[in-house]
Amino acid sequence: MAKIAVIGAGSAGYHLAKSGHQVTLIDKSGFPRDKVCGDGISLETVQVLSTMGIYPQDLRQRIAEYAPIHRFFLGVSNQISHSEATTLEAYCIPRFVFDQLLHEKAIESGCVPLIQTIRENNGQLQHLSETFDYLIDARGVSAGEVSAIAIRAYWMFNRQNLSDVDLSEAQIHFDHHLGASGYGWIFPVSTQGEWVKLNVGVIVWLDESQKTNVIQLFKQFIQSNSQTRHLLSKVIHQDTPKVYPLATARKGNRVTDGNILKIGDAANLTDPLTGEGIANAVLSGLYVAQAINMSRSPEMAAENWQYLYESHFEADLRAGLRIKAFRKFSWMNTLLIWSMKQNPRIATQVSRTVAGLVPYHEVLSSLRY
Ligand SMILES: Cc1cc2nc3c(=O)[nH]c(=O)nc-3n(C[C@H](O)[C@H](O)[C@H](O)COP(=O)(O)OP(=O)(O)OC[C@H]3O[C@@H](n4cnc5c(N)ncnc54)[C@H](O)[C@@H]3O)c2cc1C
């Protein structure tokens, strides 16, 4: 049994405590706490969460703030759009609720929580790595390399003012002013009661525009997009939008820093095309636990975790980076949606890819045939 510290609570602690280790979960916040996010639980995330015993049918029954997703919508600047129904149900859930659930799972499995902010520059990380047998850094984007910036707002509605589609469709809008890779989203996140909540936001990548005023871009999105304008006419309450950075994938990534094992956004594991990071954050917790369980020393665990990262995450993240590099012009988004409208097979494949069911490297190989 090893003494392990995980900074940034979550899945790694759960798996390590389950496998018999003594785990301290250090986080600067107590739970529940807000995390700025689109709150989208992709089909891949649904699968990954089952490794922690979290299943949609339990959440549907237990959690008030929850929204099943049955349609995926892709559109470009009010000009062209496609909405694809899916029988494979993804869902959205506010991170305030979801992260609390993960935290509870980790505590139930035997982790000991500790509220403390860990700073790199005053030797605290070094001290922790000497005090514990293993140290996992899951501090999120604050420990990773920022590559994108996003803004999120919650809008409240009276349920009877929205249609069934409004309540079950995840919308992605490639509006021209957001660049080739940036997009706006409208996700229902709480649809079970009389009052419903939608998550509306915008994400842009910094490599496309260095001087990004994301607040301005968000205002432009909600004023110019026909779907947001339609919703604005019915909204009862809008909260103040919050801005937050992302750490998406990069080439030649190292997920270790000496003997410190980095996971999630701290290791830049977020999808470079969609900005989705929950699946890889949770999955990297499972793999880092395996790396520790199969090693006899921190040095060996670092080597094994880097190897597991390269064999299980890298191919897909690299394929995502290749697709992103190819999608240089915003007219490509129009072409993509036009192709979906022409060909139902492409429509299904693209929707499943956006929903996280088909890995990017499979999409790239299918294009070669
Ligand atoms: C606006 C926005 C929308 C997004 N939408 C989606 C989406 O719809 N679906 C999706 O899958 N992903 C989405 N993402 C990405 C997703 O939020 C992240 O990839 C994911 O949260 C990464 O998880 P993590 O555990 O690595 O980091 P985090 O969730 O950021 O957790 C880090 C933890 O570390 C703690 N911490 C941080 N610094 C310290 C410190 N110094 N000391 C101690 N503790 C510390 C924090 O309190 C926190 O609990 C979005 C991101 C943004 C910004």
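Which atom type of Gly277 lies 2.9 Å from a nitrogen atom of the ligand? A backbone N or O atom of Gly277 does.

1. Basis of the values. The model is predicted, and local features need pLDDT of at least 70, side-chain atom pairs count only at pLDDT 80 or more, and totals for chains, interfaces and linings use all residues. Residues are numbered from 1 along each chain as its sequence is written, and side-chain values use heavy atoms, with hydrogens and water left out.

2. A polar side-chain atom of Asp27 is placed 2.6 Å from an oxygen atom of the ligand. The side chain of Thr270 has an N or O atom 3.0 Å from a ligand oxygen atom.

3. Domain layout. The domain assignment, which is automatic or taken from a database, gives domain 1 as 3–38 + 95–143 + 248–319 and domain 2 as 40–93 + 148–246 + 330–369. Their C-alpha centres are 26 Å apart.

4. Extent of the interface. In domain 1, 33 residues are in contact (heavy atoms within 4.5 Å) with 34 residues of domain 2. Interface size is often expressed as the accessible area lost when the parts come together. Here the two domains bury about 3100 Å² between them (1.4 Å probe, summed over both parts), and 65% of that area is on carbon and sulfur atoms.

5. Polar features of the interface. Two salt bridges (a side-chain nitrogen of Lys or Arg within 4 Å of a carboxyl oxygen of Asp or Glu) are found across the interface of domain 1 and domain 2. The rule also finds 13 residue pairs in polar contact there, both residues at pLDDT 80 or more; such a contact is a pair of N or O atoms within 3.5 Å, where one must be able to donate a hydrogen and the other to accept it, and residues adjacent in sequence count only if both atoms are side-chain atoms.

6. The domain 1 side. Elements giving two or more residues to the side that touches domain 2 are α1 (11–18), α4 (95–108), α9 (278–293) and α11 (314–326), as DSSP helices (H or I, at least four residues). The largest share, seven residues, comes from α4.

7. Backbone geometry. The Phe31 to Pro32 peptide bond is cis, with omega near 5°. Pro32 is in the loop between β2 (22–27) and β3 (40–41), strands being DSSP runs of E, at least two residues. Asp39, also located in the loop between β2 and β3, has a positive phi near 70° although the residue is other than glycine.
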